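Subject: Structure for you to look at

Hello,

Here is the structure I promised to pass on. Please open it alongside this email, and my notes follow below.

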Amino acid sequence: MSSNSLPPPPKNRIVVGCGAAVLDYLAAVAAYPKPDDKIRTTSSKVQGGGNAGNALTCAARLGLNPKLISKVADDAQGRSILNELEADGVDTSFFVVSEGGNSPFTYVIVDNQTKTRTCIHTPGYPPMIPDDLSQESLLSAIDGARIVYLDGRLHETALIIAQEAVRKSIPILIDAERIREGLDDLLKLADYAICSAEFPKAWTGAPSIPNALVSIFLRLPNIKFVIVTLGEDGCIMLERSVNGEDYQTEEIDVDVLLESLKQQKDESVPSPTCISSSVTRLRANGIGTACGRLFLGTAEKIPPSELIDTTGAGDAFIGGVVYAICAEMPPETMLPFAAQVAAANCRALGARTGLPHRTDPRLASFLRHSSQVIITSSAK
């Protein structure tokens, strides 16, 4: 599709990220090997990876102007990491390049049978420390930024970036993939969080994901929304109501509300959709209540013959959400859009090969702020 037929990118499209940028060595195999097996690959690829690197590559292809703060060594892997990011339009001028040491890299085994991937990661050395980023570089990096994205790694440096973003009233998005050192401090400063399926219950101790979302809202009063990604089962999002106390609504058990949204899914629709509740006072038994809207986003039903590799699907989803925030998409458009971006990425080997460009015809309707949206104003 011609870029001339699309609306222009968001006016403020500067995105600053901090986190992992690595080199992935991908090997697709017919089935995961047993101990002491010798097997052959069905395909292989060497490609850039890392949560922040992937998400910002996605953002660049969608039309944003991302800057990435990270660290590599002056080795062949480091040069490959930087060259690939730069080729995709990611500003790497704020990278720290160490003399000696090693750049981070990951072996990724993709199982063609189960459609799963196993990652074996080697961290970079020496690790990034706050002193690696001067105050001058920090201020230059976040100047004019629309949003700051932190993937939870390099937590000491990320905290300094987050604190400066708060001082400049720049919104912060946190990738809460798993419990990590320093993540709590970052979450306290966050405006938005995107979590793995396992994180909410692990972090809160709540018995279910919906209950955990309410608990997160109570523990993090600055959070505007939290999204939990569920792979082929889509995602769940809780959006805080700004004027929640003004709504005289009955309390609804949040688990019951989610089940009611699930009942409204149309399984015959293969493309991503979104179902939402009205602004509601949500009750999590034994935890408390929070006022907001609950959303259920579906994933694209990818034909088995087209599903190649899920590596980086979550990062692609985050890249879509970052774009949606910059474009001020409503959640009903944002969630299907991000799911469509992630689905496109699953159709090729590696975390970046399938990342769609802005001109991808599958994204056109979303970029025009129209999508297949199911809105139920009073789901209970």
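**The second largest pocket**

The lining of the second largest pocket is made up of 12 nonpolar, 2 polar and 5 charged residues (Ala, Val, Leu, Ile, Met, Phe, Trp, Tyr, Cys and Pro count as nonpolar, Asp, Glu, Lys and Arg as charged, and the others, Gly among them, as polar). Before going on, please note that this is a predicted model, in which local features need pLDDT of at least 70 and side-chain atom pairs count only at pLDDT 80 or more, while totals for chains, interfaces and linings use all residues. Residues are numbered from 1 along each chain as its sequence is written, and side-chain values use heavy atoms, with hydrogens and water left out.

The second largest pocket holds about 310 Å³ of space. Of its 19 lining residues, Y192, K224, F225, E239 and P331 lie nearest the centre. (On a 1 Å grid over the protein atoms alone, a pocket is an open set of points where a 1.4 Å probe fits, with protein on both sides within 12 Å along at least five of seven lines; lining residues have an atom within 4 Å of a point.) Strand 13 (235–240), helix 9 and helix 10 (331–345) each supply at least two residues of this lining, and strand 13 gives the most, with 3 residues. Helices (H or I, at least four residues) and strands (E, at least two) are DSSP runs, numbered from the N terminus.

**Helix packing**

Helix 9 (residues 313–326) also packs against helix 1 (residues 51–61), at an angle of about 45° and with the axes 8 Å apart. N51, N54, A55 and C58 of helix 1 meet D315, A316, I318, G319 and G320 of helix 9, where contact means heavy atoms within 4.5 Å. Those contact residues divide into 4 nonpolar, 4 polar and 1 charged.

Helix 3 and helix 4 (residues 155–167) pack at about 55°, with their axes 11 Å apart. On the helix 3 side the contact is made by Q135, L138, L139 and I142, and on the helix 4 side by I160, I161, E164 and A165. This contact has 6 nonpolar, 1 polar and 1 charged residue.

**Two backbone details**

Y125 and P126 are joined by a cis peptide bond, with omega about -5°. P126 sits in the loop between strand 8 (116–122) and helix 3 (135–142).

D36, a residue other than glycine, has a positive phi near 70°. Its place is in the loop between strand 2 (22–29) and strand 3 (43–49).

Best wishes

Notes:
Axes fitted to C-alpha atoms, helices over the stretch in contact; angles between N-to-C directions. Points joined across faces, edges and corners; volume = space filled by probe spheres on them.
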